[in-house]
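Thanks for making the time this morning. I would like to walk you through one structure, going slowly from its ring pairs to its domains and then to some backbone details.

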Amino acid sequence: TPSLADGISAELGRDLCHLACEFAQSAGVLLKLPQVTMATAQVLIYRYFYRTSLKDTGVQDLAMGALFLASKVEESPRKIKDIINVFHYLSKRFRKLDTKPMEAYSNEFYVMKKGLLQAEMLILTKLAFNVQVQLPYGMLINYIRSLELTNHPEVPQMAWNYLNDSLRTNIYVCYQPPTIACSMVFLAARTCAVKLPLSPPWWEVFDTTLEDMEHIAALVLDLYRKKLPTELPLTAAELEEYVRNPSKSRN
């Protein structure tokens, strides 16, 4: 990825994107945004990551800009001040600091507003204004019905949960929506010990390979095994210091 040239390791880049997506999802819940808006924001975060380096955009600004942009793309806009206040709360909570509300229109507020607007413009320009996102939610429902999995209510719910969690990975820039939807069905059925047709293999009907599904499933399951370090940098300045002095940043 472009971030490697700026000293941001592959692991750190993934962790930063993961954190940005968690912020976008958590903020969306607090702002009562539709899930499709939160999903779009997280896909935009990963698209941006694969187009340009993260060195000039902190996690907080990137997540704010992506969610603000997604709320307009998906026609569920929220006021800038509401988004800023929510992200201020989330960043303080992540750092385990006092989460008292920010003073209205303080200097900190205007710094965050500037970061949000700059991040939104960077996302638009780096993605060449290609911000439409095709999500696999509808396909997932169709596949579940086609495989008659509605008779096993735990499978659809599990698949839906996995699909939402998978937004924190890079699969949405690496695979097509049908493959992602099939992978969530595959993972949910395996988790719930529900057998699916193998003669012929059910995934071939949906033009997907077992290898792709297993790879996606492994990426999703890895999310639950990994805990993000609380010292991850949230701003561009913190990221610069983190990369320059990694051992100091972890103390």
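Let me begin with what I mean by a ring pair: the rings of Phe, Tyr and Trp, taking the six-membered ring of Trp, are paired if their centres lie within 6.5 Å. Please keep in mind throughout that this is a predicted model.

With that rule in hand, Y143, W202, W203 and F206 are joined by ring pairs into a cluster. Within it, W202 and W203 form an edge-to-face pair, with 5.9 Å from centre to centre and 80 degrees between the planes, and both W202 and W203 are buried.

How many aromatic pairs does the rule give? The count comes to 12 aromatic pairs, and I will take one more of them as an example. The ring centres of Y137 and W160 are 4.8 Å apart and the planes stand at 50 degrees, so this pair is classed as tilted; planes over 60 degrees apart would have counted as edge-to-face, and planes under 30 degrees apart as stacked. Y137 belongs to helix 6, residues 137-146, and W160 to helix 7, residues 154-165, so the pair ties together parts that are 23 residues apart in sequence. As for accessibility, Y137 counts as buried, at 10% relative accessibility, whereas W160 is partly exposed, with a relative accessible area of 29%.

T169 sits in the loop between helix 7 and helix 8, the latter being residues 171-174. Is T169 buried or exposed? T169 has a relative accessible area of 7%, and because the cut-off for buried is under 20%, T169 is counted as buried. Its side chain reaches the backbone oxygen of S166 at 2.7 Å, and a polar atom of the T169 side chain also lies 3.4 Å from the backbone nitrogen of I171. Setting aside residues up to four places away in sequence, T169 touches Y46, L219 and L223.

Now to the domains. The domain assignment divides the chain into domain 1, residues 2-132, and domain 2, residues 136-225, and their C-alpha centres lie 27 Å apart. On the side of domain 1 the contact takes 10 residues, and on the side of domain 2 it takes nine residues. About 900 Å² of area is buried between domain 1 and domain 2, and carbon and sulfur atoms give 68% of that area.

What polar features are there across this interface of domain 1 and domain 2? The rule finds five residue pairs in polar contact, and the count of salt bridges between domain 1 and domain 2 is one. The side chains of R168 and E22 meet in a salt bridge, at 3.1 Å from N to O.

Which elements give two or more residues to the side of domain 1 that touches domain 2? They are helix 1, residues 10-30, and helix 2, residues 35-51, and the largest share, seven residues, comes from helix 2.

R47 and N130 are 83 residues apart in sequence, yet their C-alpha atoms are 9.8 Å apart in space. A polar atom of the R47 side chain lies 3.1 Å from the backbone oxygen of N130, and for the backbone oxygen of Q132 the distance to a polar atom of that side chain is likewise given as 3.1 Å. Leaving aside neighbours within four places in sequence, R47 is in contact with L127, N130, V131, Q132, V133 and V173.

The peptide bond from S199 to P200 is cis, with omega near 0 degrees, and P200 lies in the loop between helix 9, residues 177-191, and helix 10, residues 202-205. Y105, although it is not a glycine, has a positive phi of about 55 degrees, and Y105 is placed in the loop between helix 4, residues 80-94, and helix 5, residues 107-126. A128, again a residue other than glycine, has a positive phi near 55 degrees; A128 is in the loop between helix 5 and helix 6, and A128 is exposed, with a relative accessible area of 58%.

Note on methods: Residues are numbered from 1 along each chain as its sequence is written. This is a predicted model: local features need pLDDT of at least 70, side-chain atom pairs count only at pLDDT 80 or more; totals for chains, interfaces and linings use all residues. Side-chain values use heavy atoms; hydrogens and water are left out. Helices (H or I, at least four residues) and strands (E, at least two) are DSSP runs, numbered from the N terminus. Buried means under 20% relative accessible area, exposed over 50%, partly exposed in between (1.4 Å probe, protein chains only). A polar contact is a pair of N or O atoms within 3.5 Å; within protein, one must be able to donate a hydrogen and the other to accept it, and residues adjacent in sequence count only if both atoms are side-chain atoms. Contact means heavy atoms within 4.5 Å. Domain bounds come from an automatic or database domain assignment. Buried area is the accessible area (1.4 Å probe) that two parts lose on being put together, summed over both. A salt bridge is a side-chain nitrogen of Lys or Arg within 4 Å of a carboxyl oxygen of Asp or Glu.
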